[in-house]
Amino acid sequence: MLDKIEAFRKEILSSALNTPAQLEAFRLKFLSRNGLISTLFDEFKALPGVDKATLGKPLNELKVLAETMFKQCKEQFESSVSGSQSIRDDLTLPVHASLLGSLHPLTVVEKEIREIFFRMGFSISSGPEIEDDFHNFTALNFPADHPARDMQDTFFVRKGESGLEDLVLRTHTSPVQIRLMENQKPPIRSVMPGRVFRNESVTYKSYFQFNQIEGLVVDHGISMAELIQTLVTFAKMMYGSEIEYRIRSSFFPFTEPSIEMDVRTSSTTNWMEILGAGMVDPNVFEAVGIDSEHYSGYAFGMGIDRIAMLKYGFTDIRTLYENDIRMLEQFPL
Ligand code: PHE
């Protein structure tokens with residue numbers, strides 16, 4: 001009998017108790033009413049008195065060992081069931097489909113424009129959205145009484161405080177040209193995308209904020225012919241080589257001469273204005289300390305929103321800013 005006790009002891013100690021099912025099998029085998037230990041006790045009762053004295057202690061120890069192991073494992077399983085483990089381990093729970101974000105149509109179009117100019121050797125620059133009067137207007141050759149400085153068009157962050165320069169939400173990306181020329185000697189060849197703000201009433205075709213991308217090239221001997229060739233190359237890469245274009249003369253305070261470019265596809269009759277441009281006005285060079293006797297340059301600026309609306313068929317500019325998830329979901333990555 002002592003041998004049997006020793007054999008069971010080893011078996012109990014080496015039992016695998018890693019799952020509730022294994023624990024239950026263990027209980028049935030050793031601890032149940034008809035289990036091995038119970039049976040041993042029955043045998044023990046039938047023994048003559050002299051053996052009882054030597055066998056009672058090891059037999060009891062065997063029972064306590066099995067009961068202790070059972071109790072400990074059971075407690076362990078129960079505490080993990082009430083914790084988060086049970087949720088992780090429930091293989092029948094439905095899987096949550098992970099939601100993937102996507103790029104906003106404005107981001108897609110801006111990236112496309114940037115890449116075209118990148119391939120033509122332009123770097124990318126950026127500047128602040130809150131500008132001082134000097135960078136947004138004065139250095140760009142806006143006369144003091146120019147209507148664009150008026151409250152109607154410009155959001156002022158600080159206006160008319162004595163001794164302090166006016167601060168505005170930039171009304172165009174052209175101030176980034178000024179910052180670039182202040183910080184970098186020519187040659188300069190860069191495009192500058194960014195958000196701009198104008199105090200316009202909100203309608204389907206105008207909004208108080210929109211996006212522009214500015215271009216600036218300054219070097220020796222830069223010509224109008226190079227400007228036009230760059231713009232035509234851009235238009236063909238952006239809209240396809242079949243696109244028709246025309247160049248009209250125009251006016252901007254910071255370029256002289258100034259032009260605008262219109263495009264149309266062969267299937268439409270209407271011309272669409274896509275950008276303003278021109279040769280950098282000598283007054284602008286003077287404001288940033290570049291010698292206009294030795295350097296010349298061109299600049300251009302275009303609205304990104306209009307291009308995105310045309311490309312994706314939006315008829316209301318507000319669609320681009322409402323962040324309606326139903327619109328965004330139509331542009332998966
Ligand atoms: N800044 C001008 C605008 O907002 C666009 C422009 C940029 C025109 C550069 C000429 C040169 O309308």
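Me: How do helix 1 and helix 2 sit relative to each other, roughly parallel or roughly antiparallel?
Reply: Helix 1 and helix 2 are roughly antiparallel to each other, a label used for angles over 145 degrees. This is a predicted model, with local features needing pLDDT of at least 70 and side-chain atom pairs pLDDT 80 or more, while totals for chains, interfaces and linings use all residues. Numbering starts from 1 along each chain as its sequence is written, and side-chain values use heavy atoms, leaving out hydrogens and water.

Me: Nice. At what angle do the two helices pack, and how far apart are their axes?
Reply: About 170 degrees, with the axes 12 Å apart. Helix 1 covers residues 2-13 and helix 2 covers residues 20-31; helices here are DSSP runs of H or I with at least four residues, and strands are E runs of at least two. Axes are lines fitted to C-alpha atoms over the stretch in contact, with angles from 0 to 180 degrees between N-to-C directions.

Me: And which residues meet there?
Reply: From helix 1 you have Phe8, Glu11 and Ile12. Their partners in helix 2 are Phe26, Lys29 and Phe30. Contact means heavy atoms within 4.5 Å.

Me: Switching topic to helix 8: how many of its residues are buried?
Reply: Seven of ten, so helix 8 is largely enclosed by the rest of the structure. Buried is under 20% relative accessible area, exposed is over 50%, and partly exposed is in between (1.4 Å probe, protein chains only).

Me: Which ones are they?
Reply: Ser174, Pro175, Val176, Gln177 and Ile178 are buried, along with Leu180 and Met181.

Me: Since strand 6 came up, where is Phe210 found?
Reply: Phe210 is in strand 6.

Me: Is that side buried or exposed, I mean Phe210 itself?
Reply: Phe210 is buried, with a relative accessible area of 17%.

Me: What is Phe210 in contact with, leaving aside its neighbours within four places in sequence?
Reply: Its partners are Gly194, Arg195, Val196 and Arg198, plus Asp305 and Tyr321.

Me: Last one: what separates the C-alpha atoms of Phe210 and Gln22?
Reply: A distance of 67 Å, for two residues that are 188 residues apart along the chain.

Key: Parallel < 35°, antiparallel > 145°, perpendicular 65-115°, else oblique.
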